[in-house]
Amino acid sequence: MATAISIQGLTKKYVDVWAKQEVIAVNNLNLEVQEGEIFGFLGRNGAGKTTTIKMLLGLIFPTAGDATLLGKPMGDNVVKSMISYLPEETYFYDSMSAWDLLDFYGRLFRIPGAERQRRIKLSLEKVRLQPEAWRRNIRGYSKGMRQRTGIAQALINDPKVLFLDEPTSGLDPIAHAELRDIVASLKDEGKTVFLSSHQLADVELICSRVAIIHRGKLLRTGQITDLLAGERTEIVVKGAGLSNGTLQNLRAITPDIEPLEELQALKLFSEDDNQTSAVIDLVRNAKGSVISVVPHKRTLEQVFVETVRKEEGL
Amino acid sequence: MGVIYAIARQTVREALRRKIMWIFLVIGVFLISLGPVFGFLSPKDSQTVLRSLGLAAILLAGLFITIVTCIYLIPVEIERRTIYTVLSKPVQRYEFLLGKFLGGFFTVFINIAAMGIVFLAMLYFQEGHHIAPEMARGVMLTFFQMLLLAAITIFFSTITTPVVNFFLSFGVFLVGNLSSVTDTLTTSQNKIAHGVGQFIYYILPQFGNFNVQNRLIHPEESIVNMNAYIVQNIFYSLAYSAVVLAVAIILFDRREV
């Protein structure tokens, strides 16, 4: 599979002249995204996600490093005709209808008239915007309709790579699910999607690989299946015999122990079957009782929180 | 050209939605329509009053329409992030800037043309169904004066905020109109005053040259070859605007959005 996006040592520094401070928004980022995959780009607010996307699109300029999109340098006009972008919280020209807006963007791609009309119809149908709204002013659209229009404008040039920045944020559950499905369906058409999102459940569902960025630094990248590997098991134990010594022995097996004061019990998390067996044996030997043993699948949210907290030293 | 045209068309569409521009247009037309009233109060100079008030009203309303239209063209795109969806497409930055400029200027043209038509129609009926070509020339020069101002305002909008831009553009227009002060400074014996005068004369645009109201209204202050004078000023406006826009394009090309 060919590489759609290749980032080498991309760095962006901002200098606050007055405060004589340097802020590193993106720090020596190296990343590769393959053609045809939906790639999740995760990070807290201000982590450097949008800055990275803006550099790739030529909207801002890197302090150091380089990147190629579809084998060509970022910002190249030929590349721009093959990619598209949906920014976060975009205000469109709201005096226009969705149809006129797409017509305007189609003209920017120099798409000839008849073909442009065909693609506008196709894009609006794909995002499931009701036909009666096509010629209405965007000003009267709901948030969901605006986001559908936003994705439609990103599809007008039949792009090979799409950069979507929070495409499903702030939507009602139905619109959210529909738009997520639309994004997921792009993979079936062979498109590459670079998805920046805080909706980790969505990312887990539709992305094949993710990268976690924090304070401009890439912390982790990999296949979702690899990141989520290793079920955790929640074990709740109780008993008068759980002395301090037993507790210390339990901590030696797994440090992840939480007291459940209401039940006068302990909740432990084991990372594998051996740990689970060791905990159960220890509790039984100490005349305690095992109340429940529940296997938990790891979620992307847990992976994300653990990764970021570890970096922050929490 | 297709991209520049698309952006210009979009810009006109957005600019014509701005209420403040319509307010200045209404004020301009209202002031023009006051001409006959003031002329009635001063029967001896009624024609002079009508002509001078009309041209001054078009200039004043045109000035505010140009500035308020052009100062927001680029900052609003950045603030609303619509610029991201435009510049991430195969659009060169110079195409975006020229599209914005042409759209802004066409909006100003529509307004000046509307006020000019009202003004000339009023003259036609007030001055015995006679068309005043010298007044039409006056309106045309105002039009080219505003072209130059639009280029300067667009230039400032690539480097500063709308509020600062308003004062800068307004300031350049005022100083560029003070040709009598410039003349005094350049002929001054004081070296600093002379230098300031030279700077204003050679660097800042000579907006004063476009104000031919006095010469049009008072025939004794006639220009030997009016057509050559007008062509010279039109050429000056086009050339100066081209240079200012070229510098704006260079600056905007390096600007992060």
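**Reading pockets, rings and burial in a predicted model**

Me: Which residues lie nearest the centre of the second largest pocket, and how many residues line it?

Reply: In this predicted model, the second largest pocket has a lining of 14 residues, and those nearest its centre are E14(B), A15(B), R18(B), V76(B) and R80(B). Two elements of chain B, α1 (2–15) and α5 (73–79), are the ones that give two or more residues to that lining. The space in the second largest pocket comes to about 280 Å³, and its lining divides by class into six charged, five nonpolar and three polar residues.

Me: How many cavities of 30 Å³ or more does the structure hold, and what lines the largest cavity?

Reply: The general idea is that rolling a probe the size of a water molecule over the atoms shows where empty space is left. Here the structure holds one cavity of 30 Å³ or more, and the largest cavity contains about 50 Å³ of space. Its lining is made up of P167(A), T168(A), R180(A), V183(A), L195(A), S197(A), D202(A) and I206(A), with α6 (173–188) and α7 (200–206) of chain A each supplying at least two of the lining residues. By class, four residues of this lining are nonpolar, two are polar and two are charged.

Me: How many aromatic pairs does a search of the whole structure find, and how should I read the pair of F105(B) and F143(B)?

Reply: Over all chains, the search finds 21 aromatic pairs. The one between F105(B) and F143(B) is tilted, with 5.0 Å from centre to centre and 45° between the planes. Because F105(B) belongs to helix α7 (residues 93–126) of chain B and F143(B) to helix α8 (residues 133–157) of chain B, the pair ties together parts that are 38 residues apart in sequence. Both F105(B) and F143(B) are buried, and they belong to one aromatic cluster that also takes in F101(B), F106(B), F109(B) and F144(B).

Me: Where does the charged end of R135(A) sit, and over the face of which residue does R93(B) lie?

Reply: In chain A, the charged end of R135(A) sits over the ring of W99(A), at 4.3 Å from the centre of that ring. In chain B, R93(B) lies over the face of F252(B), and here the distance from the ring centre is 5.7 Å.

Me: Is H214(A) buried or exposed, and with which side chain does it make a polar contact?

Reply: The way to read burial is through relative accessible area, where a value under 20% counts as buried. H214(A), in strand β9 (residues 209–214) of chain A, has a relative accessibility of 5% and therefore counts as buried. Its side chain makes a polar contact of 3.2 Å with the side chain of E312(A).

By contrast, I24(A), which is found in strand β2 (residues 21–34) of chain A, is partly exposed, because its relative accessible area is 35%. The C-alpha atoms of I24(A) and T11(A) are separated by 7.6 Å, although the two residues are 13 residues apart along the chain.

Notes
Residues numbered from 1 in each chain as written. Chains lettered and ligands numbered in written order. Predicted model: local features only at pLDDT ≥ 70, side-chain atom pairs only at ≥ 80, totals over all residues. Heavy atoms only, no water. 1 Å grid on protein atoms, 1.4 Å probe; cavity = no way out; pocket = protein on both sides within 12 Å on 5 of 7 lines; lining within 4 Å. Points joined across faces, edges and corners; volume = space filled by probe spheres on them. Helix = DSSP H or I, 4+ residues; strand = E, 2+ residues; numbered from the N terminus. Nonpolar A, V, L, I, M, F, W, Y, C, P; charged D, E, K, R; others polar. Phe/Tyr/Trp six-rings, centres within 6.5 Å; stacked < 30°, edge-to-face > 60°. Buried < 20%, exposed > 50% of the residue type's maximum accessible area, 1.4 Å probe, protein only. Lys NZ or Arg CZ within 6 Å of the ring centre and 35° of its normal. Polar contact = N/O pair within 3.5 Å; in protein donor to acceptor, adjacent residues only side chain to side chain.
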